[in-house]
Structure formats: structure tokens, C-alpha cells
Amino acid sequence: MDVLRPALININGRIYRRNVTNDSKEEHYEEEEEEDVSYMGPPESEYLEEDEACDTKLIEQTDKGYRCAIEVPSVLYKYIIGKKGETRRRLESDTKTSISIPKQGVEGEIVITGSHKAAVSSAVTRVELLVESFRKKQPFTHFLSFPLSNPKIQEGFLTFKDEVLKQCSQDHGIEGSIFQNPAKLHMTIGTLALLNETEVRKACEHLQQCQNFIRDITEGNPLALEVTGIEYMNDDPAMVDVLYAKVNTKDKSDKLQLIADRLVEHFVSAGLMVREWDRVKLHGTVINTLFRKDSVEEAGGPGRQTMSEREAFDARNILKKFGAYRFGEFGLNTVLLSQRYSSDCTGYYTSAGSANFS
């Protein structure tokens, strides 16, 4: 890390420096490295003035001092506890507070108590920094999607798959398992890490709030879409990992793109999504080498490959023969909050919430 240009975190208007510690004595919990995040603010003597107020949480005065309750998903408790409770003890010692954490797996509130309001405020800030830091490391659990699993598109996709396997199966890396499941054809708008049911409900509520601007854009009607043409992700058509179908509105408007970008803007502002790109790249994956079933599965082992094990395929013939392939047309009428690694009765991803166009 460049000590002159340290990584900074902005939490509720305060700027903190992130210090990644490599000391072998640093606490670990379940073999995961803990990061030390330091507040770049006033000197400690000033910071611990009794009239120091917590900006983000309500600190209540009690008969015995002060108290603040923080909602934290149970999956993140271990980062506040640390290995053998070392992180919690250090926080309590440094801030002269007591930190009560529910049992692992039990959703609830972390309660911080202390004799001085400023001490409780300090502890709250440090706990929030730990939560913010380790939340970013959690794999995504849900994603906003435009479903492409319309029967007409599914039929067109299955014909595409049959013809590619018939005409291009001799090309390197091309075989049936790398094709998308037709029931799960979709466009991903953005991903979310929702760590408990409360956060899932919050995301559903925000998606419902988006329904108003969606209907303003669509004028209360489904969007007529056409799925035509294929494209690849990287710069070498002979070594491809992902092939996707291009999706456009029939009237050539930017309504679909506008809805996607506005959704991301809303969820980023709500703190439920991290912005990855300036604009959403709308595409429907039809082939992905992550789907490839390896020889281990045939022997009864794990099924899907990891990123490092991916075997690319030669897409040159597919692009030449099917570059303008027409999958079909349909009317899109919904955006879904879809759950990763799930299926509903139709075979599509289980939906936690939705917003309709009409």
C-alpha cells in the first residue's frame, strides 16, 4: 500500500483510512484475514470528548450510562467477534464499552453500552467500519434481471443450440453442457449481497418504488423486444468463454437501457448495490464455459468449473454461421429480484420481488 495515498472509505460523511495488516499476530477468524480500518479524524483526546455524538445511530441515555443498538446481519457477527473473541475484546478495551452480540445464526442487534456517550459513539463507528469492510467481501446472493425465458425465445434458443452442435461440434471446446439452461435465459442488470430476510424485504420495497419511473418510461405498456444476433466477450474469437444474444427494443428506442441504468442508480443510492460500470451492458448469455461439466462430475464429483479451470472454445464458425441468428420477439413486462442458485416451478430463478411495466 502507498502510505502517501492510502485507500479511503467514506462512511456517512466521515473519511477513514484502510490499513491492511500483514502482521502474523493479527487476529484471524475461520482462516479469514481481518482488516484494520483506522479513522482519520481529530486526535483521540478531542475525539473522546463527552459531547461527541454518533452521527449515524441513536445513542440512548440509560440509568447506567449510554446504549446504542446496531442492526447487523448474523453472517457478519464473526468479523466483530474475531478469533476466540479477540476482536470484540480489543474493541471493548479501546473504547471502554461493552459489546453484546447475538448467538451465531440468530438475527438481532449488536448492542453497545458504556459510561460515556463519546465512548459508545467511538465503538459504533469502529463496528460500522468492520461491517462495511467485510460486507464488500460477501458473494452476491440476488440480482435484478430481465427474464428472457419467453416460450418463443426458448424455442429459438433450442434450435440455435441444436444447429450449433450439428454444424460446429468439431470446433475446439464446443459441446452441449456449455449452453445456458433455456428456462434461465435472462439479462442481468446488477447484483446484490442481501445477507438476511430484512435486507431482502428492503430490496423488494425499493424495487416496488422503482415501478413508478419504469411505467413512466414504458407509458404503462410492455416493451416489445427482439433478440437477434450473437456477440462474444473478449477480443479473440478463437478463445471465447462467453457468447451472448443481443437484445434490442423493436422501436429502436433506448427505453430498456434507460430502465436498467435508472434501476442501478436507485439501488446504488440505497446502498444495496455497488456500481461496476457507467452503463449496464444488456445481454443474454447463451453459452458460458463456467457451465461446462468436467470429467470429475462424470465420476460423481463436483459439477461446475471454477474461473481458473475454464476451458475456452473456438467461436469463429459459430459467429460466421449464426452471427445474425434470430431467436425471436416478445413483450417484456417485468423486472425481477432473482435469487442466485435457485429455481421456481417454471425453472427460472426464484423471485423475491418484482416490478411490472404495465
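A: In this predicted model, strand S13 and strand S14 (residues 284-288) run antiparallel and are joined by four bridges. Strand S13 itself covers residues 242-249, and six of its eight residues are buried, so that the strand is mostly covered.

The setting of this strand is a protein with nine helices and 17 strands. The protein has 358 residues, of which 45% are buried. It exposes about 19100 Å², and carbon and sulfur atoms supply 47% of that area. Among contacts between residues at least 6 apart in sequence, 71% join residues at least 24 apart.

Four bridges connect S8 with strand S9 (residues 108-114), and the two run antiparallel. Within S9, Val 111 is the bridge partner of Ser 100.

Among the helices, H4 (residues 117-135) has 19 residues. From its first C-alpha to its last it reaches 27 Å, close to the 27 Å expected at 1.5 Å a residue. Because 15 of the 19 residues of H4 are buried, the helix is largely enclosed by the rest of the structure.

The largest nonpolar core has 56 residues, and the members that touch the most others are Phe 146, Phe 160, Leu 263, Phe 267 and Ile 318. Helix H6 (residues 197-218) gives the largest share of this core, eight residues. Another core, of 24 residues, lies apart from it and includes Ile 70, Leu 76, Val 120 and Ala 193.

Leaving aside neighbours within four places in sequence, Phe 267 is in contact with Leu 144, Leu 192, Ala 203, His 206, Leu 207, Cys 210, Leu 272 and Met 273. Lys 202 also lies in helix H6, but it counts as partly exposed, at 38% relative accessibility. Not counting residues up to four places away in sequence, Lys 202 touches Ala 270 and Leu 272. Lys 202 and Ala 270 are 68 residues apart along the chain, and their C-alpha atoms are separated by 9.6 Å.

Apart from neighbours within four places in sequence, the contacts of Leu 336 are Phe 143, Leu 144, Ser 145, Pro 147, Leu 207, Tyr 348, Ser 351, Gly 353 and Ser 354. Leu 336 and Ala 352 are 16 residues apart in sequence, with 7.6 Å between their C-alpha atoms.

Finally, there are the aromatic rings. The structure holds ten aromatic pairs. In one of them, the rings of Phe 143 and Tyr 349 have centres 5.0 Å apart and planes at 85°, so the pair is edge-to-face. Phe 143 lies in strand S10 (residues 142-147) and Tyr 349 in the loop between S16 and strand S17 (351-356), so this pair ties together parts that are 206 residues apart in sequence. Phe 143 and Tyr 349 are both buried. The rings of Tyr 348 and Tyr 349 have centres 5.4 Å apart and planes at 80°, so this pair is edge-to-face. Both of these tyrosines, Tyr 348 and Tyr 349, are buried. Ring pairs also link Phe 160, Phe 179, Phe 322, Tyr 325 and Phe 327 into a cluster; Phe 160 is also among the residues that touch the most other members of the largest nonpolar core.

Conventions
Residues numbered from 1 in each chain as written. Predicted model: local features only at pLDDT ≥ 70, side-chain atom pairs only at ≥ 80, totals over all residues. Heavy atoms only, no water. Core = buried A, V, L, I, M, F, W, Y, C linked by side-chain atoms within 4.5 Å. Buried < 20%, exposed > 50% of the residue type's maximum accessible area, 1.4 Å probe, protein only. Contact = heavy atoms within 4.5 Å. Areas by Shrake-Rupley, 256 points an atom, 1.4 Å probe, with all protein chains shown as cover. Pairing = 2+ DSSP bridges. Expected span 1.5 Å × (residues − 1). Phe/Tyr/Trp six-rings, centres within 6.5 Å; stacked < 30°, edge-to-face > 60°.
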